[in-house]
Amino acid sequence: MKFVDEATIIVEAGKGGHGCLSFRREKYVPKGGPDGGDGGDGGSVYLEADSALNTLIDYRFQRKHKARNGEPGAGRNCTGIKGDDLVLPVPVGTTVVDMDTHEVLGDLTKEGQRLKVAQGGFHGLGNTRFKSSVNRAPRQTTKGSEGEVRNLRLELKVLADVGLLGLPNAGKSTFIRSVSAARPKVADYPFTTLVPNLGVVSVQAHQSFVIADIPGLIEGAAEGAGLGIRFLKHLVRTRLLLHLVDVAPYDGSSPTAAVKAIAGELEKFSETLANRPRWLVLNKVDMVAEEEREAHCQAIVDELGWEGPVFRISALSGEGTKPLVQAVMRWIEEQAEQEADNPEFAEQEAERRRQMDEEARRKIESDRQARRAAREDDDDDFDDDDYDVEVVYAPE
Ligand SMILES: Nc1nc2c(ncn2[C@@H]2O[C@H](COP(=O)(O)OP(=O)(O)OP(=O)(O)O)[C@@H](O)[C@H]2O)c(=O)[nH]1
Ligand SMILES: [Mg+2]
């Protein structure tokens with residue numbers, strides 16, 4: 001299935017039905033009173049989070065979505081039928097932004113959560129409503145009001161507790177394969193992973209977390225090198241980043257330089273994200289002779305002046321992955337407890353998430369505009385946000 005994480009759509013609520021102008025006409029009843037009924041309300045448009053979906057692809061094909069109009073009222077005080085609401089299913093993790101005001105209308109993060117995005121028009125009143133002791137034959141009615149119309153941008157960000165970060169070939173996909181049931185492709189060439197993959201890591205019964213594998217980043221990604229950096233937005237909902245680095249690259253390049261390059265790109269994408277908790281994971285330790293391992297790894301840590309947590313693993317053999325996964329689980333639980341016990345901390349976290357969202361949105365939007373400006377013929381159908389690949393997206 002094609003993975004699409006952004007789409008722009010137009011939603012239009014239904015109009016309210018007009019009120020009816022009518023008088024009772026019956027045999028032998030001269031001058032029957034007013035009997036024009038009210039119109040029906042127009043249908044509203046809702047978005048609803050649906051866990052069966054994991055891409056916004058459908059919204060690339062159909063962009064306009066309209067709820068039904070309310071029916072007009074009729075004689076004999078018949079009220080018009082209300083227009084049906086339109087409920088559009090979107091993947092869990094979809095953020096909805098009003099493109100005209102740039103306002104974030106909502107974040108659909110739970111299965112079944114609903115958000116009204118366009119209010120249906122209000123019904124018009126029939127002339128019966130205007131009957132009074134001084135006006136027994138009112139000819140007055142009101143029209144139904146228009147339904148709301150909105151231009152929306154839908155943004156999908158995967159929901160994961162932990163995000164993986166690293167150069168291509170660092171072993172991110174190998175790692176997620178070794179600790180979860182996810183089966184992303186692994187290969188010894190760069191950019192094997194083209195779309196985010198999720199894996200559920202079960203630590204014990206009832207203890208699990210979700211980990212997101214994203215495409216590799218390279219130096220200059222913020223300026224569009226490699227696959228660019230827009231994938232980083234999939235990390236903004238995570239709580240913890242695992243920064244994987246190959247301790248013994250084939251080409252003899254420096255692991256330290258690799259870590260710094262990634263940190264630099266992260267910073268350019270979102271400062272707040274760059275300052276989130278990030279653990280260093282030294283991968284492929286099996287490639288270093290056992291007696292040299294300790295010194296080799298320590299040298300990298302010293303050269304970086306890394307003060308945070310460090311883990312040494314071999315994603316391929318599984319060595320060291322268990323302690324890492326357990327530490328992650330503990331950390332996540334502690335964070336969750338802290339958020340539950342300390343409202344101030346929870347509010348700060350929420351604020352940081354909002355900030356990251358905002359920074360990510362700004363960066364992606366300015367990149368998009370730069371690309372559009374660079375393209376000579378402004379071909380509107382050209383979709384540079386597409387990931388033109390087939391993926392199996394199975395968080396199991
Ligand atoms: N020896 C050894 N090789 C590893 C280890 N982890 C990964 N590899 C190999 O490194 C290569 C790249 O691994 P991937 O998991 O595809 O790397 P990635 O970080 O997902 O790369 P991209 O998707 O391209 O960003 C593959 O040939 C893996 O078999 C490890 O711990 N030890
Ligand atoms: Mg990969």
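Reader: Where is the place of H102?
Author: In this predicted model, H102 sits in the loop that runs between β5 (94-98) and β6 (104-108).

Reader: And is H102 buried or exposed there?
Author: H102 counts as exposed, because it has 11 C-beta neighbours inside 10 Å, and the cut-off for exposed is 12 or fewer.

Reader: What is phi of H102 near?
Author: Phi of H102 is near 65°, which is a positive value in a residue other than glycine. As background, most residues other than glycine have a negative phi.

Reader: What about K284, what is its phi near, and where is its place?
Author: Phi of K284 is also near 65°, again a positive value in a residue that is not glycine, and K284 is placed in the loop between β13 and α5.

Reader: Is K284 buried or exposed?
Author: K284 is buried, since 24 other C-beta atoms lie within 10 Å, whereas H102, with 11 such neighbours, counts as exposed.

Reader: Let me step back to the overall layout: into which domains is the chain divided?
Author: The chain is divided into domain 1, covering residues 1-156, and domain 2, covering residues 162-374.

Reader: How many Å apart are the C-alpha centres of domain 1 and domain 2?
Author: The C-alpha centres of domain 1 and domain 2 lie 45 Å apart.

Reader: Take V90 next; which strand does V90 lie in, and is V90 buried or exposed?
Author: V90 lies in strand β4, which spans residues 86-90, and V90 is buried because 23 other C-beta atoms are found within 10 Å.

Reader: Which residues touch V90, not counting those up to four places away in sequence?
Author: With those sequence neighbours left out, V90 touches L47, E48, A49, D50, L53, L56, L108 and L154. K31, by contrast, is 59 residues from V90 in sequence, and their C-alpha atoms are 55 Å apart in space.

Reader: Changing topic to α2: why is helix α2 largely enclosed by the rest of the structure?
Author: Helix α2 (residues 172-179) is largely enclosed because 7 of its 8 residues are buried; the buried ones are K172, S173, T174, F175, I176, R177 and V179.

Reader: What covers the buried residues of α2?
Author: The cover includes the strands β9 (162-165), β10 (197-204), β11 (207-213), β12 (240-246) and β13 (278-283), together with helix α6 (321-341).

Reader: How many Å apart in space are I332 and R153?
Author: Going C-alpha to C-alpha, I332 and R153 are 31 Å apart in space, and they are 179 residues apart in sequence.

Reader: Now the helix packing: at what angle do α3 and α5 pack?
Author: Helix α3 (residues 255-269) and helix α5 (residues 290-304) pack at an angle of about 45°, and their axes are 9 Å apart. That angle makes α3 oblique to α5, and α3 passes α5 in a right-handed crossing.

Reader: Which residues of α3 and α5 meet?
Author: From α3, P255, T256 and V259 meet I300, E303 and L304 of α5, and the residues of this contact divide into 4 nonpolar, 1 polar and 1 charged.

Reader: What does F269 touch, not counting residues up to four places away in sequence?
Author: F269, whose place is in helix α3, touches A222, I229, L232, A360 and K363 when those sequence neighbours are not counted. F269 is buried, given that 27 other C-beta atoms lie within 10 Å, and its C-alpha is separated by 9.6 Å from that of R361, a residue 92 places away along the chain.

Reader: Last one, is E291 buried or exposed?
Author: E291, which is in helix α5, counts as exposed because it has 8 C-beta neighbours inside 10 Å. E291 and T192 are 99 residues apart in sequence, and their C-alpha atoms are 32 Å apart in space.

Definitions and conventions
Residues are numbered from 1 along each chain as its sequence is written. Chains are lettered from A and ligands numbered from 1 in the order in which they are written. This is a predicted model: local features need pLDDT of at least 70, side-chain atom pairs count only at pLDDT 80 or more; totals for chains, interfaces and linings use all residues. Domain bounds come from an automatic or database domain assignment. A residue is buried if 20 or more other C-beta atoms lie within 10 Å of its own, exposed if 12 or fewer, and partly exposed in between; C-beta atoms are placed from the backbone. Helices (H or I, at least four residues) and strands (E, at least two) are DSSP runs, numbered from the N terminus. Two residues are in contact if their C-beta atoms, placed from the backbone, lie within 7 Å. Axes are lines fitted to C-alpha atoms, for helices over the stretch in contact, and angles run from 0 to 180 degrees between N-to-C directions. Angles under 35 degrees count as roughly parallel, over 145 as roughly antiparallel, 65 to 115 as roughly perpendicular and the rest as oblique. A crossing is left-handed if the near helix is turned anticlockwise from the far one by less than a right angle, and right-handed if clockwise. Ala, Val, Leu, Ile, Met, Phe, Trp, Tyr, Cys and Pro count as nonpolar, Asp, Glu, Lys and Arg as charged, and the others, Gly among them, as polar.
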